[in-house]
Amino acid sequence: MISRLAGLKLTDDSAPGFSDTPSGWYNREINVMVAMDLMLADDGLFRPNEPITRAEFARALYHIDHRSDKVAPFDDVKGHRFEDAINQAYGNGRINGYPDGTFRPDAPINRAEAARLLNRFAGRSVDIAGLADVVNDVRTFPDVPMTHWAYFEIIEASNSHTYTRVEKDNILEKWNRVLPLLQR
């Protein structure tokens, strides 16, 4: 997802050099992410079937996102291996902590959190007003009610659409049309 959103050149389709990652449909993505130092394989293993942590996800954006000097206010990231990446992702408004004041860098990132992070990285956001003209065409999920904190993040990430910006220099969108599944 990150390699495509960042517009990275996906040209190397050779088998990745990890014993736990045989050649497959994902070769180009793994190769570019590792070549650009966006994902690490510390001990020669890629661990493709393990969850990615919140810190690792922030680290995956570190070298391709805007620099930020802000420091995240979470005590549990101080001294963490990916503290700089977490600070940058937080400073750029990509990721937040939890209501209890923690970041939980080594916890797996869930789908809703990943959707928010990637939407913010891609400069995408919608709210109820932005969906007004297409609300009947939007694909929703029965297990994600509108009251869920990430409802609009999930809608944004899972519906291909055309849009206009609500205001210049603001990521908020007004959707014009939801594209049919076949046009994705």
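Student: In β3, which residue is the bridge partner of Arg 165?

Tutor: Bear in mind that this is a predicted model. Here, Arg 165 has Glu 173 as its bridge partner in β3.

Student: How do I read the pairing of whole strands, then? Which way do β2 and β3 run, and how many bridges join them?

Tutor: The general idea is that strands count as a pair if there are at least two bridges between them. In this case β2, residues 161-165, runs antiparallel to β3, and five bridges join them.

Student: What about β1? Is it parallel or antiparallel to β3?

Tutor: Parallel: β1 covers residues 125-126, β3 covers residues 172-178, and two bridges join them. You can find one spot to look at by picking Val 126, which stands opposite Glu 173 in β3. Recall that Glu 173 is also the bridge partner of Arg 165.

Student: How many residues sit between β2 and β3 in their hairpin?

Tutor: Six residues lie between these two strands. In that turn, take a look at Asp 169, whose phi is positive, about 65°. Asp 169 is a residue other than glycine with a positive value, and it lies in the loop between β2 and β3.

Student: Which other residue has a positive phi near 65°?

Tutor: Asp 37 does, and it too is a residue other than glycine. Look for Asp 37 in the loop between α2 and α3. Its relative accessibility is 33%, so Asp 37 counts as partly exposed.

Student: Let's turn to a helix. Why is α6 described as largely enclosed?

Tutor: Count how many of its residues are buried. Six of the eight residues of α6 are buried, so the rest of the structure largely encloses this helix. The buried ones are Tyr 151, Glu 153, Ile 154, Ile 155, Glu 156 and Ser 158.

Student: Which helices supply the lining of the largest pocket?

Tutor: α1 (2-5), α2 (27-35) and α3 (54-61) each give at least two residues. The largest share comes from α3, with four residues. To read the lining by class, sort its residues: 18 are nonpolar, two polar and nine charged.

Student: How much space lies in the second largest pocket?

Tutor: About 540 Å³. Among the 17 residues lining this second largest pocket, Met 1, Arg 111, Ala 114, Ala 115 and Ala 157 are the closest to its centre.

Student: Which elements give two or more residues to that lining?

Tutor: Those are α5 (111-122) and α6 (151-158). Five residues come from α5, the largest share of the lining of the second largest pocket. By class, that lining holds twelve nonpolar, three polar and two charged residues.

Note on methods:
Residues are numbered from 1 along each chain as its sequence is written. This is a predicted model: local features need pLDDT of at least 70, side-chain atom pairs count only at pLDDT 80 or more; totals for chains, interfaces and linings use all residues. Side-chain values use heavy atoms; hydrogens and water are left out. Ala, Val, Leu, Ile, Met, Phe, Trp, Tyr, Cys and Pro count as nonpolar, Asp, Glu, Lys and Arg as charged, and the others, Gly among them, as polar. On a 1 Å grid over the protein atoms alone, a cavity is a set of points where a 1.4 Å probe fits but cannot get out, and a pocket is an open set with protein on both sides within 12 Å along at least five of seven lines; lining residues have an atom within 4 Å of a point. Grid points are joined across faces, edges and corners, and a volume is the space filled by probe spheres set on the points. Buried means under 20% relative accessible area, exposed over 50%, partly exposed in between (1.4 Å probe, protein chains only).
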